[in-house]
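Subject: Structure handover

Hello,

Here is the structure I promised to pass on. Please open it first, then read my notes below.

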Amino acid sequence: MRLIFQRVLHATVLSQGKEITSIDKGLLVYLGFAKGDTMSTIKRFTSKVLKVRVWKGIPKQMKKDSEKDSDLEPKEEQKSDPSAELKRWETSVLDNNYEVLVVPMSALYWPIPDEKVEVVEPLTPEENLKLYTQFVNQLKQEYKPEMIKASGFGDNFQIKIVIDGPVTLLNEGQ
């Protein structure tokens, strides 16, 4: 399995000019499968999607001081306290109640010998669809179903993205 995570402020998937789905702040996940991927692989990677820390965090003492304050800036009196400094890459989708958009991308396994992309179908469309559906359903089981969006499968999509950072990460394995 190969995943590309992108931290986004907004992402929209379109097909034939019509919006299929969209998310606001969260992760856009491009997903590719290979022979040998199983439900065990899916569970390991869905956990990574939900727990990967790619946002700034709010120190625990600041959370206690201001539960309602959604601003990530420390209060004036806390700015001089080094322990109250905001940490980079300390929070995840789960921590922030963000959304996840999953887009299947079998091209993640297409080799590029020389300058020409060699189109390879490592799995049949049926196998890809089964694993994709299992992946999305597993995310919904581990998180809030309404926060998980799926682009659909098998169509030609256009994706409009506002990347945050930019932060883009690759993760792969079986």
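Glutamate 172 is partly exposed, at 44% relative accessibility. The model is predicted, so please read every value here as computed from that model. Glutamate 172 forms a salt bridge with arginine 2, and their closest N and O atoms are 2.7 Å apart. This pair links distant parts of the chain: glutamate 172 is in strand β8, arginine 2 in strand β1, 170 residues apart. Arginine 2 is partly exposed as well, with a relative accessible area of 25%.

The structure holds four salt bridges. Here are two others.

Lysine 35 pairs with glutamate 127, with 3.5 Å between the closest N and O atoms. Lysine 35 lies in the loop between β3 and α1, glutamate 127 in helix α4, and 92 residues separate them. Lysine 35 is exposed, at 52%. Glutamate 127 is partly exposed, at 33%.

Lysine 149 forms a salt bridge with glutamate 99, at 3.2 Å between the closest N and O atoms. Strand β7 holds lysine 149 and strand β6 holds glutamate 99, 50 residues apart. Lysine 149 counts as partly exposed at 21%. Glutamate 99 has a relative accessible area of 13%, so it counts as buried.

One more residue to look at: serine 92. It sits in the loop between β5 and α3. Serine 92 is buried, with a relative accessible area of 3%. Its side chain reaches the backbone nitrogen of leucine 94 at 3.3 Å. Beyond its neighbours within four places in sequence, serine 92 contacts Leu50, Lys51, Val52, Arg53 and Trp55.

Best wishes

Key. Residues are numbered from 1 along each chain as its sequence is written. This is a predicted model: local features need pLDDT of at least 70, side-chain atom pairs count only at pLDDT 80 or more; totals for chains, interfaces and linings use all residues. Side-chain values use heavy atoms; hydrogens and water are left out. Helices (H or I, at least four residues) and strands (E, at least two) are DSSP runs, numbered from the N terminus. Buried means under 20% relative accessible area, exposed over 50%, partly exposed in between (1.4 Å probe, protein chains only). A polar contact is a pair of N or O atoms within 3.5 Å; within protein, one must be able to donate a hydrogen and the other to accept it, and residues adjacent in sequence count only if both atoms are side-chain atoms. Contact means heavy atoms within 4.5 Å. A salt bridge is a side-chain nitrogen of Lys or Arg within 4 Å of a carboxyl oxygen of Asp or Glu.
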